[in-house]
Amino acid sequence: MIGLIDSEARRDAVERARRFSPFLREALEARPELGHCFLEKGSQAAIAAALVESGGPIEVELRRARLGLALTIALGDLSGELELEEVTRSLSQFADRAIGRALTAAVHERVADGEPAGIAVIALGKLGSCELNYSSDVDLLLLFDPRRLPRRERDDAGEAAVRIARRMIEILQKRTADGYVARVDLRLRPSPEVTPIALPVNAAISHYESSALPWERAAFIRARAAAGDQGLGRHFLDSIEPFVWRRSLDFGVIDDIRQISARIRDHFAQGGRLGPGYDLKRGRGGIREVEFFTQIQQMIHGGRDPSVRVPATLDALEALAAAGRLDGSDVTALADAYRLLRTVEHRVQMIEDAQTHKIPADAEALDGVAGLHGLTKGGDLLDLLRPHVERAESLFDGLAPETGRRLSNDPDILLDELRTIGFRDPEAAARRIADLRSGRARSLRSPAAQTAFEAMLPGLLAAIAAGPDPSHALNRLTDIVERLSSGVNLYRLLEARPKLGQLLAKILAHAPALSEQLARRPELLEGLFDASSFDPPPSAEDFAARLSDAMRGQPYDVALDRARRMVNERRFALGVQLIDRRDDPLNVAAGYSRVAEGALLALANAAVREFESAHGRIPGGELVILGLGRLGGCSLTHASDLDLIYLYTGEPGVPSDGAKPLGPADYFNRLASRITAALSVPTAAGPLYDVDTRLRPQGAKGMLTVPLDGFAAYQREEAWTWEHMALCRARPVLGSPAVRDETAALIDEILRRPRDDDQIAADAARMHGEIERHKPPAGRLDVKLGPGGLVDLEFAVHVLQLTRHVGLNPRLEEAVRQLAEAGLIERNVVQAQRLLTRMLVMLRLVAPDGSEPNPETWELVAAACGVSDARQLLAEHDAARQDIAALWNSIKGERG
């Protein structure tokens, strides 16, 4: 039964081809054997037969193959045996082969034994994405390397390349009795009115790096090396990749592409609306608008998300949906529209093998296109297209809202507008806006920046006015704008994504630490564009692997900056999670810790590889890093530094095996310094972490790295009580699994050693007194210092850990829980620790200088800590301190 259906569909396709397409009718008469093959064996067999080489002259053979392919693909399309993607892929593959053969023939004519090395053909447009249409030209860029181009001895390289290019084009597009192979369009090259048709590759790279236009970015989304010297082609495309795929989100491309589209709409207004004469390619809701829509999304996101760097339109839509960049229903609508528009475009072109994109205006001709498509009349074809065209037009028009009303420059009108927006003190707000408009800020000196700023300002001011402290937030916005070196992308981003403006308003109102970061690196806000930025960070190992992937293949300094950017984006997003109440501060603290540990792993491993390239390895030796304090306890804040101890293993006196050998002590001290610098030295990507290594044996006076066996001996024989207390929150974070296990076992053995309980309590009390004398609390809400603060809790817990050997877990929360289960502390201390830790995490972000937050921010802190309001938070804070103070006093009193 299926065979009968196939046969009927094939006969119907041949009949429609004969009846409605003069071109296909003549092709069937010229190549009757292909029509018979199609009817008997189907599309694929007929296409294969069309491409069988005859061994004749290349001009004749390629034209004969092209005619046969046009016939068999059309029949397969009309019968429904070939999907659109199969049609366009087959056409593109033939074009690639034809271009390659024509180029080789052109080279051989000038240099008999030459090969097309040193000359590359870059395919652009629909050939670049393997989406060539039925009767399309091929958009090409011809590049050559003067050093390697095959040429006669006395030929100038540039002239030789142009001659080769001209001959290749002649082979492809000259019309003969056998037809043509492909029309060639070279107008997408830089300045085509003045440049030769073949360009030196370095000159082309220089153009795209320095002076290319926005539309050229879109063109190169679909570029690929199609023929000739593939290595040269890939080198060119790799070199211009940063021009095409910009790391920063660039919503300016929306305006750029919309302006191009507006010019196209104006120029082709006659065929702009669906109806007789409609331009399927350039009309509203047509092929080009679907392609532009897709390319805009790719240019916005592709710099940060390589998964959407897909050339073909349908594949790109699917990739954008998979990456969560586009709504699935919109993607389906655009894909359905694109398939139908391209299919009808093919029908129009099949009639006379003409490069046309317009539905005929003549009613009889329109009926003929409809008949070729299997419909009764032209009106049916228009009805079929209408819902798809209307939906595509609507989606394209909705890419960015039309330019809204700007705030007035008239002071009196501006005051009224600010009152309407919601500012309680419109005069102060107006003064700030006037300052920003004065032109003093560097980020507002260009016309593009001023336009983008004015466009985003009403929406952002509305979000600020709705916030807790508009005047304070507006002051911080002014600081950011004045410190930016370039702000156009940030302003465009805020206009295009109002929800980000609402987040920014919260940051400005509540989080000076995040505002400070934004002033240094405004692109940090871009990371929040992706909803996944609010997901919990992965494990330290997984995050380290992501960082390592981003660093791979880059010079050491560039690799470090890439990792720093990713780490700072994650830290910034975690801070925003706190401000936006996306997660419990305890979970965010654990996230901060995983990010820091992942950064430590990736940067340390990069430093090790770089160091080993010069100095080799210590046979049998390796570096081990202990994390202590909040890093060891997996509970960092936004402002936490990293407490580290560097250890190493290996035989004493055995030098490294590299070109510049070093002894073990010198080797690991230098390596540890490298790692510390990778983590802490500020670069263009911003500061990362302060590293504190003073907890090592002998403190700042001791060597930066210590042999593991020497560390063990020191801890067993010389260490002070406070050093064992610090060891209660230590864990190995870097080293081979075996050595990490060995180090963890050593720490456990040291902590479980028998001790004089009274002496431990007395030592802890003395040290606590030193802290009280030399480091007073910053204020009544310093939750670390002062009576009943977290430092008191840590001291009490560490004394119990060392004397009772219970709760030996570096995570303070877990240690407190285990001590409570053992009956060594009251249950209410567990909740006290959790409350004060939540407060610490929040206050380090909203009040990094220790000052008391404004009332609205206090309410935010209270909500994050799980209480109803600031008054209740202060009451629970006081109660928690009393519980902790009672615990610490009891321990001091019992044994002090």
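Predicted model: local features only at pLDDT ≥ 70, side-chain atom pairs only at ≥ 80, totals over all residues.

Modeller: Residues are numbered from 1 along each chain as its sequence is written, and side-chain values use heavy atoms, with hydrogens and water left out.

Biologist: How is helix 5 oriented to helix 16?

Modeller: Helices here are DSSP runs of H or I with at least four residues, numbered from the N terminus, and axes are lines fitted to C-alpha atoms over the stretch in contact, with angles from 0 to 180 degrees between N-to-C directions. The axes of helix 5 (residues 58-79) and helix 16 (residues 328-352) come within 12 Å and cross at roughly 135°. Angles under 35 degrees count as roughly parallel, over 145 as roughly antiparallel, 65 to 115 as roughly perpendicular and the rest as oblique. Therefore helix 5 is, relative to helix 16, oblique.

Biologist: Which residues make the contact of helix 5 with helix 16?

Modeller: Contact means heavy atoms within 4.5 Å. On the side of helix 16 the contact is made by His346, Arg347 and Met350, and on the side of helix 5 by Ala74, Asp77 and Leu78.

Biologist: How is helix 16 oriented to helix 18?

Modeller: Helix 16 packs with helix 18 (residues 378-397) at an angle of about 135°, their axes being 9 Å apart. Because of that angle, helix 16 is, relative to helix 18, oblique.

Biologist: How is helix 27 oriented to helix 37?

Modeller: The axes of helix 27 (residues 556-579) and helix 37 (residues 827-846) come within 10 Å and cross at roughly 110°. That angle is why helix 27 is, relative to helix 37, roughly perpendicular.

Biologist: How many residues of each class does the contact of helix 27 with helix 37 have?

Modeller: Gly575, Leu578 and Ile579 of helix 27 meet Val841, Met842, Leu845 and Val846 of helix 37. Ala, Val, Leu, Ile, Met, Phe, Trp, Tyr, Cys and Pro count as nonpolar, Asp, Glu, Lys and Arg as charged, and the others, Gly among them, as polar. By class, this contact has six nonpolar, one polar and no charged residues.

Biologist: How much space lies in the largest pocket?

Modeller: On a 1 Å grid over the protein atoms alone, a pocket is an open set of points with protein on both sides within 12 Å along at least five of seven lines, a cavity is a set where a 1.4 Å probe fits but cannot get out, and lining residues have an atom within 4 Å of a point. The largest pocket is lined by 43 residues, of which Asp643, Lys775, Lys784, Val791 and Glu794 lie nearest its centre. By class, the lining has 20 nonpolar, eight polar and 15 charged residues. Grid points are joined across faces, edges and corners, and a volume is the space filled by probe spheres set on the points; for the largest pocket this is about 1,600 Å³.

Biologist: What is the volume of the second largest cavity?

Modeller: The count comes to four cavities of 30 Å³ or more, and the largest cavity holds about 160 Å³ of space. Leu477, Ile480, Val481, Leu490, Tyr491, Leu494, Leu504 and Leu518 line the second largest cavity, whose volume is about 50 Å³.

Note on methods
Helix = DSSP H or I, 4+ residues; strand = E, 2+ residues; numbered from the N terminus.
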